[in-house]
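Please read the points below with the sequence and the structure open beside you. They are meant as a colleague's notes, taken one topic at a time.

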Amino acid sequence: MRKIAILLAGATLLVGLSACNASENTSSSSGDEISLSVWGSSPAETEGLERTIASFEKESGIDVNIEVIQDNFQDALTARFAAKNAPDVTYMESSAAPKFINSGVLADISKDIKNQEDFYQPMLDSFRDEDGKLFAVPKDYSTLAMYVNTDILTKAGYKMEDVPTDWEDLVNFSKKLQGKLDNGQSAMIFDTSIARQMSSLIASGLNPVTDDGQANFTSSPNAIAFLQSLVDGKEAGYLHNPSIDLGVDSASAAFGSNKAVIMIEGNWVLSALKQEYADVKFEVLPAPTVNGKKQTMTFNVGYAVSKDSKNKKEAIEFVNYMTGAGLQQWSEISGTLPTRQSVAKKMNVDENPFLKAHVQGAEYGTVWSSGINLPVISTAFDNQFLAALNKDKTVEEAMKDAEKEANDEIERQQ
């Protein structure tokens, strides 16, 4: 019988959610059962996971014990691997994958996954090591696209055809648009983190992570100019950060409550817009080009198998099902985007006006993954760029300090 457990406080406390005994060991199973570690998610994703797993259990005869890690998933997972108490299968973010691959705790499943050519290859490649070996399989993804509130746009005297598709033009348009909005409304909202800006920096000729894993924030004048456009827009009042400037906790809340005309966000906002802000009318366009180049960010999650799993055969069968025969069921119920091109075609996701731009972005998006030092490099950028946005430093000073901060920490950790 399938069991669900909630893991809290560094994965030390188990609270059973089923009739099964939650005090029994769920991290290493025996016989026809496996353990799966996931993080807490939306009701739709939770339903999708449980129903698709139920289909797998019925077809395979293998029970799946679900462990929900509520807090600090990566830290808890690291502790589990260190304690030799890892789950058979676990969720794996592409940004975290290099660390776990490098530590040698994940199984090489290069020869075990079926029809690998059917996946969007950038997503599959984000789970490979330098030798091309595969250590996880993408289960879903999100990309960034441009959302436009058509009611506010029309009230301001513009049409969708007036919204530029290139970043520089979009910034100039936002400047004009701001003057025609009500008090408390923003022409465009933006996220300050490098996780949202990395593809734009790359399109500006800057890869923040060098081939040898060092930070590089200063070598491209075009990248500095891109970041300066964010700082200038925020200072002038036509670009806003939802939490810092508008006092709301998310971009979808700002957009849904008619506080913003334009936002560049992931398809994860769609459920909130349709359920919580159903009266808001909007259209979705591809993320703007930067320096004439198509760009967007891709956020990718996969299934990984523990190298020391005692149930590797069953674990691999589960992964193949969830990313194969069960992928369409999971995607349809959860509302996530399928990572196989054939499933995307069956679901006609590229014909959905709200998803089309996101699906197109999967072909050219920059996957949020770039070696084991990315967490250090992203933290340094986020800290220092915030200082530039607050006018405590110039952009040039902030990026110079971010580069030094990151590389000093990378050297310290070696």
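1. In this predicted model, the buried residues of helix H8 are Ala223, Ile224, Phe226, Leu227, Ser229, Leu230, Val231, Gly233 and Lys234. The elements that cover these buried residues include helix H6 (167-178), helix H7 (194-203) and strand E8 (239-240), together with helix H9 (242-246), helix H16 (374-389) and helix H17 (395-413).

2. After the helix comes Gly237, a residue whose phi is positive, near 95°.

3. What ties Glu235 to Lys391? The side chains of these two residues meet in a salt bridge, with 3.4 Å from N to O. Glu235 lies in helix H8 whereas Lys391 lies in the loop between H16 and H17, so the pair ties together parts that are 156 residues apart in sequence. Glu235 counts as exposed, because its relative accessibility of 55% is over 50%, while Lys391, with a relative accessible area of 47%, is partly exposed.

4. The structure holds 13 salt bridges in total, and the idea behind them is that side chains of opposite charge can pair when their charged atoms come close. Another of these salt bridges joins Asp408 and Lys404, whose side chains meet at 2.7 Å, N to O. Being four residues apart in helix H17, Asp408 and Lys404 are separated by about one helical turn. Asp408 is partly exposed, with a relative accessible area of 37%, whereas Lys404 is exposed, with a relative accessible area of 53%. Salt bridges with shared partners also join Asp191, Arg196 and Glu265 into one network.

5. A salt bridge also forms between Arg128 and Asp125, where the closest N and O atoms are 3.1 Å apart. For Arg128 the relative accessible area is 25%, which makes this residue partly exposed, and Asp125 is likewise partly exposed, with a relative accessible area of 40%.

6. The second largest pocket deserves a careful look, and about 630 Å³ of space lies in it. This pocket is lined by 23 residues, and the closest to its centre are Pro98, Glu130, Ser370, Gly371 and Ile372. The elements that give two or more residues to its lining are helix H3 (97-103), H7 and strand E12 (366-367), and the largest share, three residues, comes from H3.

7. Is Thr366 buried or exposed? Thr366, which is found in strand E12, has a relative accessible area of 19% and is therefore buried, since the cut-off for buried is under 20%. Leaving aside neighbours within four places in sequence, Thr366 is in contact with Ser199, Ile202, Thr296, Met297 and Thr298.

8. Ser306 has its place in the loop between strand E11 (297-305) and helix H12 (312-322), and with a relative accessibility of 5% this residue counts as buried. If residues up to four places away in sequence are not counted, Ser306 touches Phe81, Ala86, Pro87, Asp88, Val105, Ala107 and Lys312. Ser306 and Phe135 are 171 residues apart in sequence, and in space they are 9.4 Å apart, C-alpha to C-alpha.

9. Where is Ala325 placed? Ala325 is in the loop between H12 and helix H13 (327-334), and at 65% relative accessibility this residue counts as exposed. Ala325 and Val343 are 18 residues apart in sequence, with 9.4 Å between them in space, C-alpha to C-alpha.

Technical notes. Residues are numbered from 1 along each chain as its sequence is written. This is a predicted model: local features need pLDDT of at least 70, side-chain atom pairs count only at pLDDT 80 or more; totals for chains, interfaces and linings use all residues. Side-chain values use heavy atoms; hydrogens and water are left out. Buried means under 20% relative accessible area, exposed over 50%, partly exposed in between (1.4 Å probe, protein chains only). Contact means heavy atoms within 4.5 Å. On a 1 Å grid over the protein atoms alone, a cavity is a set of points where a 1.4 Å probe fits but cannot get out, and a pocket is an open set with protein on both sides within 12 Å along at least five of seven lines; lining residues have an atom within 4 Å of a point. Grid points are joined across faces, edges and corners, and a volume is the space filled by probe spheres set on the points. A salt bridge is a side-chain nitrogen of Lys or Arg within 4 Å of a carboxyl oxygen of Asp or Glu.
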